[in-house]
Amino acid sequence: KYQKQQTLFTILNAMVLMVALLGLFALSSLMIEQKLKDVAIRKTLGASDKTLIIGLTKQFLWITLIAVLISIPISYYLMNEWLKDFAYRIDMPIFPFILSLISLLILTFAVVSIKAYQATKVNLVKHLKYE
């Protein structure tokens with residue numbers, strides 16, 4: 001019974017992660033598209049690509065960090081409530097929470113930095129033509 005639940009939760013987890021990453025990519029695309037004029041001005045004034053990418057991804061990393069820090073106590077409580085019903089009680093280790101925080105921050109940085117890197121390679125004249 002629990003092995004079937006495990007495979008079901010694994011499949012659902014992968015699907016939710018893919019939808020979340022696609023949504024994050026769309027949201028970062030929209031935000032970066034709105035900031036292209038700002039990126040073009042900074043690039044004209046001599047900002048490096050690395051500085052621009054870090055600046056564009058920092059906001060999403062903070063949002064992700066706050067979301068994970070809010071979800072950790074809730075999931076810890078729910079896991080403890082579920083584990084209470086078993087005959088052989090185990091304590092919930094902290095390692096999965098730390099691993100999920102690190103992996104989510106890495107995935108967020110990877111997804112958003114792809115779009116941020118593309119934004120640093122835009123044609124500056126196109127965005128600064130009317131300034």
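How do the residues of the lining of the largest pocket divide into nonpolar, polar and charged? They divide into 17 nonpolar, nine polar and no charged. (Ala, Val, Leu, Ile, Met, Phe, Trp, Tyr, Cys and Pro count as nonpolar, Asp, Glu, Lys and Arg as charged, and the others, Gly among them, as polar.) The model is predicted, so local features need pLDDT of at least 70 and side-chain atom pairs count only at pLDDT 80 or more, while totals for chains, interfaces and linings use all residues. Residues are numbered from 1 along each chain as its sequence is written, and side-chain values use heavy atoms, with hydrogens and water left out.

**The largest pocket**

- The largest pocket holds about 840 Å³ of space. (A pocket, on a 1 Å grid over the protein atoms alone, is an open set of points where a 1.4 Å probe fits, with protein on both sides within 12 Å along at least five of seven lines; lining residues have an atom within 4 Å of a point.)
- It is lined by 26 residues, of which F9, N13, V16, L17 and S100 are the closest to its centre.
- Two or more lining residues come from each of α1, α3 (49–83) and α4. (Helices are DSSP runs of H or I with at least four residues, numbered from the N terminus.)
- Helix α1 gives the most to this lining, with 10 residues.

**Helices α1 and α4**

- The axes of α1 (residues 2–34) and α4 (residues 95–120) come within 9 Å and cross at roughly 30°. (Axes are lines fitted to C-alpha atoms, for helices over the stretch in contact, and angles run from 0 to 180 degrees between N-to-C directions.)
- The two helices, α1 and α4, are therefore roughly parallel to each other. (This label applies to angles under 35 degrees, and roughly antiparallel to those over 145.)
- On the α1 side, the contact includes L17, L21 and F25, and on the α4 side it includes L107, V111 and K115. (Contact means heavy atoms within 4.5 Å.)
- The residues of this contact comprise 11 nonpolar, three polar and one charged.

- Helices α2 and α3 pack at an angle of about 150°, with their axes 10 Å apart.
- The pair α2 and α3 is therefore roughly antiparallel.
- V39, R42 and K43 of α2 meet D49, L52 and L56 of α3 in the contact.
- About 160 Å³ of space lies in the second largest pocket, and V39, R42, L52 and L56 are among the residues that line it.
- Helix α3 gives the most to that lining, with four residues.
- The lining of the second largest pocket has four nonpolar, two polar and three charged residues.

Notes. Angles under 35 degrees count as roughly parallel, over 145 as roughly antiparallel, 65 to 115 as roughly perpendicular and the rest as oblique. Grid points are joined across faces, edges and corners, and a volume is the space filled by probe spheres set on the points.
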